[in-house]
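Welcome! Below are some exercises to work through with the structure open beside you, and each one comes with a solution in steps.

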Amino acid sequence: MQWMLLAVQAATLGATNYAVDAPMAPPAAPASFADEFAAKKVDQSIWRFDTSRNAAGWYNNEKQYYAADRPENTRIEDGVLVIEARREPLSKATFPDWGGQAYSSAKLVTRQTLGYGFYEVRAKLPCGRGAWPAIWMVPEDASWPAGGEIDIMEMVGWDPNVIHATLHSGAFNHRLGTQRGAQKRVATACTAFHNYQLDWRPDSITIGVDGRAYMRVANDQSGGAAAWPFTRPYPLILNLAVGGDWGGAKGIDDRSFPQRMAVDYVRYWKHGN
């Protein structure tokens, strides 16, 4: 979601041009990296809170303030990570980096970068209008879109139960109208947990849900890194944005807040060297 958009592009972030229907399943071996959220609090040796743009404002004209380690916005309940977006008054007296936002939420980023492998994040999504949950990956030391972005799951609350998988690169991104991706309706995305999955390989990226792939993009285009920058590890990101050019394209229903994104676990199986 790390892009600057024009309002007319608000409905074009997703893509439907790389749809596929195929089985996909996690490896049988133990995961190489995992958080089962069995502790009482977020393990900050695994995750960090990204608050870097609170004062300046977040990308896409999003409306949230991302709080750091605040239980109202991030907590573990019965083995489940809860990221909660709230409509509430904030101030610089309490939050010195506050940028005038009327909503609070949280954004968690793995401290470890993760590369080729199979990923599975079991989550239940919020469906209030204005909510914009995401499970995604982007490098933090490269400009967008040249560094690449892998959107494992995005959903906007004004179009509930429709999940999106999208790739962005220098040559293939929404600003050019060339983004690559697919979407799928998951009827119980907001009422039940589902397994959101990524299989990242040197020659392809496949994204699916509950053991069925619905997007696959092959590394078969000319252009080098502009077409395929997905050759080095990225951190994994979990966040719940509010509003923005896509998430807020049909407004924000304040009556629906607070909204929660619940994550049962995060697991990653590294592919070979």
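**Exercise 1.** Is Phe257 buried or exposed?

*Solution.* Before starting, note that this is a predicted model, in which local features need pLDDT of at least 70, side-chain atom pairs count only at pLDDT 80 or more, and totals for chains, interfaces and linings use all residues. Residues are numbered from 1 along each chain as its sequence is written, and side-chain values use heavy atoms, with hydrogens and water left out.

Step 1: recall the cut-offs. Buried means under 20% relative accessible area, exposed means over 50%, and partly exposed lies in between (1.4 Å probe, protein chains only).

Step 2: apply them. Phe257 has a relative accessible area of 12%, so Phe257 is buried.

**Exercise 2.** Describe the aromatic pair formed by Tyr103 and Phe257.

*Solution.* Step 1: know what counts. Rings of Phe, Tyr and Trp (its six-membered ring) pair if their centres lie within 6.5 Å; planes under 30 degrees apart are stacked, over 60 edge-to-face, and the rest tilted. The whole structure holds 10 aromatic pairs by this search.

Step 1: classify the pair. The ring centres of Tyr103 and Phe257 are 5.5 Å apart and the planes stand at 50°, so this pair is tilted.

Step 2: Helices (H or I, at least four residues) and strands (E, at least two) are DSSP runs, numbered from the N terminus. Tyr103 belongs to strand 7 (residues 103–105) and Phe257 to the loop between strand 17 and strand 18 (259–270), so the pair ties together parts 154 residues apart in sequence.

Step 3: check the partner. With a relative accessible area of 8%, Tyr103 is buried too.

Step 4: look for a further group. Tyr116, Trp200 and Tyr234 are linked into a cluster by ring pairs.

**Exercise 3.** What is the order of the strands in the open sheet of seven strands?

*Solution.* Step 1: two strands pair if DSSP finds at least two bridges between them.

Step 1: read off the order, which is 3-8-17-10-11-12-13, with antiparallel pairing. Strand 3 and strand 13 (180–185) are the edge strands, each pairing on one side only.

Step 2: follow some of the pairings. Strand 3 (residues 47–49) is joined to strand 8 by three bridges, and Arg48 has Val109 as its bridge partner. Three bridges also join strand 8 to strand 17 (residues 236–242), where Lys107 is partnered by Asn239. Seven bridges connect strand 10 and strand 17, with Ala131 opposite Val242.

Step 3: look at the faces of strand 8 (residues 107–110). Lys107 and Val109 on one side, and Leu108 and Thr110 on the other, are all buried.

**Exercise 4.** Trace strand 15 and its two neighbours.

*Solution.* Step 1: start with burial. All six residues of strand 15 (residues 204–209) are buried. Ser204, Thr206 and Gly208 cover one side, while Ile205, Ile207 and Val209 are on the other.

Step 1: go to strand 14 (residues 194–201). Six bridges join strand 14 to strand 15, and the two run antiparallel; Gln197 has Gly208 as its bridge partner. The hairpin between these strands passes through two residues.

Step 2: go to strand 16 (residues 212–218). Strand 15 and strand 16 also pair over six bridges in the antiparallel sense, with Val209 opposite Arg212. In their hairpin, Asp210 takes a positive phi near 55°.

Step 3: zoom in on Thr206. A polar contact (a pair of N or O atoms within 3.5 Å; within protein, one must be able to donate a hydrogen and the other to accept it, and residues adjacent in sequence count only if both atoms are side-chain atoms) of 2.9 Å joins the side chains of Thr206 and Arg216.

**Exercise 5.** Where is Asp141 found?

*Solution.* Step 1: Asp141 sits in the loop between strand 10 (131–137) and strand 11 (149–154).

Step 1: its relative accessible area is 63%, so Asp141 is exposed.

Step 2: the side chain of Asp141 makes a polar contact of 3.0 Å with the side chain of Arg232.
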